[in-house]
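Here are my notes on this one, as promised. Have a look at the model first, then read on.

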Amino acid sequence: MTDKVNELVSKCLQARDMAYCPYSRFPVGAAILTADGAIITGCNVENASYGLTVCAERTAVQRAVVEGHRQFTAIAVACDIKDQFVGPCGACRQVLMEFGSDWIVYLTKPDGSYKETSLSELLPLAFSPAHLAKT
Ligand SMILES: O=c1ccn([C@H]2C[C@H](O)[C@@H](CO)O2)c(=O)[nH]1
């Protein structure tokens with residue numbers, strides 16, 4: 001698993017370098033590990049309207065789904081902040097939750113060091129698809 005985590009972390013940093021962020025100048029990269037071992041990346045893609053900006057994590061999820069993946073193990077995310085580990089925004093946490101609560105999340109610094117956490121820790125008491133089946 002450590003080799004796979006290193007690959008995931010390195011790919012999320014590479015994806016960050018592809019970010020289209022002329023307005024915020026805040027590049028973000030994400031790399032998703034699928035249950036079958038594939039890695040799908042995403043970066044933030046901004047828009048002049050601002051509100052149509054899509055985060056790196058959601059770009060990666062959408063790409064993964066298009067490529068036929070719906071079962072995920074982990075996601076690594078990185079931005080340019082060097083002195084702290086930065087988590088995904090609330091909207092992205094909810095989008096990840098759509099595909100299960102078992103995600104491992106690697107918060108990655110620019111030097112490749114990372115902190116392991118989980119979606120359950122980042123989004124406690126979450127609303128999830130299972131709730132829709134309970135009414
Ligand atoms: O979890 C996050 C938080 C922010 N951003 C992007 C959106 C915007 O382009 C820039 C500044 O918010 O960072 C992400 O990609 N992921």
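The points below go from the sheet to the annotated loop.

1. Ground rules. This is a predicted model, where local features need pLDDT of at least 70 and side-chain atom pairs count only at pLDDT 80 or more, while totals for chains, interfaces and linings use all residues. Residues are numbered from 1 along each chain as its sequence is written.

2. You'll see 5 strands in an open sheet, ordered 2-1-3-4-5, with mixed pairing. At the edges sit strand 2 and strand 5 (114-118), each pairing on one side only. From one strand to the next, the twist averages 20°. Strands here (E, at least two residues) and helices (H or I, at least four) are DSSP runs, numbered from the N terminus; two strands pair if DSSP finds at least two bridges between them.

3. The helices. Helix 1 (residues 2-16) lies across strands 1, 2, 3, 4 and 5, at about 145° to strand 1 (29-34). Helix 2 lies across strand 1, strand 2 and strand 3, and runs at about 140° to strand 2. For the angles, axes are lines fitted to C-alpha atoms, for helices over the stretch in contact, and the values run from 0 to 180 degrees between N-to-C directions.

4. Strands 3 and 4, and Ile104. Strand 3 (residues 72-78) and strand 4 run parallel, joined by 5 bridges. Ile104 belongs to strand 4 (residues 104-108), and Ala74 stands opposite Ile104. Beyond four places in sequence, Ile104 is in contact (C-beta atoms, placed from the backbone, within 7 Å) with Thr73, Ala74, Glu116 and Ser118.

5. The annotated loop. An unreviewed UniProt entry lists Asn44, Val45, Glu46, Asn47, Ala48, Ser49 and Tyr50 under "binding site". UniProt positions use the numbering given here, feature names are shortened, and annotations may be inferred rather than shown by experiment. Val45 is in the loop between strand 2 (39-43) and helix 2 (56-66), and Glu46 is in the loop between strand 2 and helix 2 too.

6. Val45 has 16 other C-beta atoms within 10 Å, so it counts as partly exposed; Glu46 is partly exposed with 19. Leaving out residues up to four places away, Val45 touches Tyr20, Thr53, Val54 and Thr59.

How values were computed:
Buried ≥ 20, exposed ≤ 12 C-beta atoms within 10 Å, placed from the backbone. Contact = placed C-beta atoms within 7 Å.
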